[in-house]
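Biologist: I would like to learn how to read a predicted model. Please start with the surface.

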Amino acid sequence: MKQTHRRTGAQTHRGLWLLLVLCTGAAVPSVPTVVQGQAPRQRPCIVDIDTAGRAYQNTIGTSALFYAGGIFKAHCRDEYTTMQSDSVEWYSERGELRLLGNVHFRDSTAILDADKVTYWTRVERLYAEGRVYTRNVASGSEMRGPNLEYLRAVKPIRDTLEIFMQGRPAIRFQPGAKDSVPADTTDPFVIVADRVRMKHTNRMWGSGHVTVDRSDLNARSDSAQLDLADSIGLLIGAAVVIGRDTARARTDT
């Protein structure tokens with residue numbers, strides 16, 4: 001990891017895929033150079049630090065450990081991705097960034113909050129732990145649980161995002177429009193399962209004591225699949241569905 005010095009007292013630490021720029025004087029404004037909604041560059045994230053309270057670097061052989069603490073803020077260069085935490089560790093040899101304490105990560109697709117997030121920049125994979133919350137920016141769908149694995153859609157690594165959660169996460173799956181036709185209701189599906197997988201922003205698979213609740217129905221099954229793009233829902237194994245006529249109920253009251 002190469003180190004240089006500027007007249008402002010800032011230090012620059014360079015890794016194979018990750019560039020960390022620590023400003024110990026005046027902080028560089030944490031504004032990405034790409035506006036929201038613009039397509040990101042097709043390469044792994046190059047992280048530029050906007051501010052950090054204190055930092056040190058320790059080199060053992062070819063491996064370098066960079067540590068910063070005191071309200072760490074950074075962004076991915078040339079794309080709308082920002083991150084913030086109480087402290088951070090960077091392991092250059094394996095391209096591993098650990099965000100520790102009150103983590104807030106945001107890209108053009110999702111917002112992710114957690115106690116700890118490990119980010120493998122070379123493969124665009126994040127693993128979040130402890131009080132995990134994520135929200136899809138476009139649809140408003142939300143998830144809460146003890147852990148989350150987030151595979152970012154960054155070409156050529158992958159062209160579709162995927163999310164995996166375990167430990168009975170709770171999901172508020174927001175219905176959306178299709179081909180400019182509005183959804184039949186604005187009420188979300190509330191889904192709880194032992195394990196959940198999501199692909200893109202509108203396809204979900206759940207397994208292990210699945211419950212699906214909405215204002216007009218309650219459903220239970222061993223596993224479930226929901227595809228909002230094609231308006232398809234499947235309940236598999238010991239499926240039970242109880243529907244309610246919400247329009248009539250509102251009229252009666």
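Modeller: Ile232, Leu234 and Ile236 make a nonpolar surface patch of about 250 Å². Residues are numbered from 1 along each chain as its sequence is written, and side-chain values use heavy atoms, with hydrogens and water left out.

Biologist: Is Glu79 buried or exposed?

Modeller: Buried means under 20% relative accessible area, exposed over 50%, with partly exposed in between (1.4 Å probe, protein chains only). Glu79 has 3%, so it is buried. By contrast, Ile236 is partly exposed at 47%.

Biologist: Which side chains have a polar contact with that of Glu79?

Modeller: A polar contact is a pair of N or O atoms within 3.5 Å; within protein, one must be able to donate a hydrogen and the other to accept it, and residues adjacent in sequence count only if both atoms are side-chain atoms. The side chain of Glu79 has such a contact with Thr81 at 2.9 Å and with Arg152 at 3.0 Å.

Biologist: What is the mean pLDDT of the chain?

Modeller: pLDDT is the predictor's confidence in each residue, from 0 to 100. The chain's mean is 77, and 75% of its residues reach 70 or more. Over residues 1-40 the pLDDT is below 50. Where pLDDT is low, the predicted coordinates should not be read in detail.

Notes: This is a predicted model: local features need pLDDT of at least 70, side-chain atom pairs count only at pLDDT 80 or more; totals for chains, interfaces and linings use all residues. Contact means heavy atoms within 4.5 Å. Patches are made of residues with over 30% relative accessible area and no salt bridge: like charges are joined within 9 Å, nonpolar side chains (Val, Leu, Ile, Met, Phe, Trp, Tyr) within 5 Å. Accessible areas come from the Shrake-Rupley method with a 1.4 Å probe; for residues, only the protein chains shown count as cover. A salt bridge is a side-chain nitrogen of Lys or Arg within 4 Å of a carboxyl oxygen of Asp or Glu.
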